[in-house]
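Here are a few notes on strand pairing and helix packing. Have a look at the model first, then read on.

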Amino acid sequence: MLDTAFLVRRQNPGFLLTSLSYVGGLLVGLTVSAVLLVHAGVPASALVDEFLIATFLTSDGLSQTATAALPLVLVGLASGVAMRVRFWNIGVEGQLWLGAIASTWVALNGSGPEVLRLPTMFVLAALAGAAWIAIPLFLKLKWGVNEVISTLLLGSVAFLLVQHLLFGVWRDPSNSFPVTATFPEASWFLVLGWGQLHAGIFLVAVIALSIWFVMEHSRVGFYADAVGFNAKAALATGLPVLSIAVGLVLLSGALSGVAGMMIVAGTEHRLNQSVGNGYLFSAIVIAYLARAKPLWVVVISFALGAVFTAGNVLKVFYSISEAMIVLMQGAVLMSILMAQFFSSYSLKRPKN
Amino acid sequence: MTTALQQAGDMRQPLGTPAALLMRGIGKSFDGKAALRDASFCLEWGEVHAIVGENGAGKSTLMNVAAGVYVADGGDQSIDGEAISLRSPLEAAAAGLGMVHQHFRLVESFTVAENVLLGFGRKAAVKTLTDAAAIVSAKSSEIGLPVDPHKLVANLSIAERQRAEIIKVMLLGARILVMDEPTAVLTDEEARTLLSFAQRLSRQGHAVVLITHKFREVAAFCDRVTIMRHGETVLEGARVANVTEAEVARLMVGDALTVAGRPLSRPGDVCLSVERLSARATAHGQSLNDLGFELHVGEILGIAGVGGNGQEELVACLLGLDRAGAGAIVLDGQDISTAKPDQRREAGLRVIPSDRFDSGLIRELSIADNLALTTVASGSFGGPFLLSRRAMREKAAEAIDAFDIRGATPERPASLLSGGNAQKVLLARELDHGLKVLIAHSPSRGLDMKAAEFVRSAIRRAVEAGAACLLISEDLQEVMSLSHRVAVMNRGRIAGCRQTGDVTPEWIGGLLAGHA
């Protein structure tokens, strides 16, 4: 009988068990996704075509995947660094919107030398993202307000702000949609000549490497783990708990802000109502699957970028809705998380 | 001497009516450690009976056996003359015995009436909230303990919660009411109200047990007293009128005062002085009031005291986790009372906290990481910014060897260590070259004999090598065996301090119980 069985936490799950359950979860998630797609009208034979061949084995697909992965790496890192200090940043999208707004402002009103245009956009996007997360951070430190709620809700506020601008002062009069005018080319990332891929990839590479280095090879990452696992012990052993937590949370906001800049300056070249859509869930999925490890964030972001690419194809050819892509991400995340349960616990039955 | 007293108790045989609760030869072990050995207890109808003893004497364990929370390893128990063996608190309630635990069993987000309804379960006659509220009100006025049945437990004061808990237990059918340290959380006024309620209840024919280590507080309201020590009943059911406070104090403490083994060093200059330290209480805590002491180089100052008298708060203040309080803390001539934890560490302060995985070690981190926690800041593992994991592992391997930490490799998470070996990791980190003052809070709690001895001798060696140690412990034997001087902490202050040789059972027993 199941109700007489009980769970025992495994003391030291081995590497093999951990990887097996991870891979197992991934397979289950992909199977569920495939079933969903077939049910939605995609012929089963097309799945392999669209997913594997179109996204990984064609030049077009690969460049699209790489382009889609750039903001994903940034939001994944954003979610991950905050997660390391146990701050649940559920407002990645809000900070991303703020970053997009700040860089759009620079792009539309830019003056001064054109070489400084992109660096200014970068700095202001980072600051705007950091400022947006500073509000829930302050509320949490001062009054203990739960950041899950405050970051999430501030995301909606940020979106309303975007709408306010797009339907108001920033609306391009020559366009019937609520979008800004196209940025002058000084505010574009240089297109590298391989599909849509742009020079933002270098910025993302530098950022990802720096964060990997800081989190894995400097005392910052070491302190972050101590603070995240047991803040009280960290304080008692004399670690700079507050500055580590504040620093990483602000970094998280800044990274999300830069992701916003990456999208408007890299692919859209204008601000519209959809640049930030779906990044919150992606950020959470990536950070969880990567267990907040920066290099894994990069790997998983590329995998998720592929899902986006495949999703675009599916949207066009089989009129699959946007929501289906979120649903697939969710299915993969849930099944991997559930599979982790089996590497953490074993099922025992009482002896008699 | 005890036998005369015991006879005085035993001679009072039940006259015709069976005892409310009779326990004989009760034994109970946890993980091979005996908490009760051949303990006995006899409660009559119509009396208030105090069970007194030090922390860990077995009072609560014995009553938890009586209430069906624990199942005894051996012994007999009967309620109202009927032999029973209980397997759950529900069965105890059905037999008419209810216990009010030290930590109340109430759901905070429910109202009082909802809690009562929850306690009744599915098969009871009372099924609706209206009915539950009605019987709570009725019981409340019947026994004279005012409680609003519609109030959320979270919004009740501690005294109100206690009243709600008593009413719940009595509505579930208790005629024998056991209360574990009921006055510990109350003000003097509230305590008097509660105790006279207990007396009133007993006069109506119920039986009440008060578990306490503060005999003086309850003596005036009790009929008989049973004293426990080390899991045994050392005095069973003596009339309160026939015993003196001094005798109770001596029986509680027992032979704890005869053990020796303190460091050979002779105390030198003052290295830590604490003056007029005051701190406000945190939730459910004890405030510190004008606390002061001096600690000398090469000395162990033992602070005895019943848990919850401000020990945690004192450690938090010394360590710098709580810097809101007032007073001076001077370490080696340097006032550190406003310094941050890391600055205090730099000044030579080290700590072994009472709960090692709460504020000492980090479960999820590796042993190497845990050992490096306090020294990374000084740049000893790869300079001001970088971190050399290899250097950390090498250092950890040395410590594992030096302290004989079993089952440890540098990479293993600390959570996999046994209590004794985890404590060794902590010792290896805290007893380093920079150590000047060690604050050891219950350093051997929960450890087996061998591990406890290892911890004590490590502290002894550190002090002989020129450090000083503030040993805060509820284990009187530990305090007496290690300390040069013994102080007693009570209600957030130092109630008294003596050379260990001058400590008498009456003095320490009196201070522990809060007579001063």
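1. S1(B) and strand S4 (residues 74-79) of chain B pair in the antiparallel sense over 5 bridges; pairing here means that DSSP finds at least two bridges between two strands. Across that pairing, B:Leu22 sits opposite B:Ser78 in S4(B). Strands (E, at least two residues) and helices (H or I, at least four) are DSSP runs, numbered from the N terminus.

2. A caveat on provenance: this is a predicted model, where local features need pLDDT of at least 70, side-chain atom pairs count only at pLDDT 80 or more, and totals for chains, interfaces and linings use all residues. Residues are numbered from 1 along each chain as its sequence is written, while chains are lettered from A and ligands numbered from 1 in the order in which they are written.

3. S1 (residues 21-30) of chain B also runs antiparallel to strand S2 (residues 33-43) of chain B, joined by 7 bridges. One of the bridge pairs is B:Phe30 with B:Lys33 in S2(B).

4. Then there's an open, mixed sheet of 6 strands in chain B, ordered S16-S17-S18-S13-S19-S20. Strands S16 (349-352) and S20 (493-499) of chain B are at the edges with a single partner strand each, so one side of each has no neighbour in the sheet. Twist averages 20° from one strand to the next, with angles taken from 0 to 180 degrees between N-to-C directions of axes fitted to C-alpha atoms (for helices, over the stretch in contact).

5. Helix H10 (residues 311-319) of chain B packs on this sheet, touching S16, S17, S18 and S19 of chain B, at about 155° to S17(B). Contact means C-beta atoms, placed from the backbone, within 7 Å.

Terms used
Contact = placed C-beta atoms within 7 Å.
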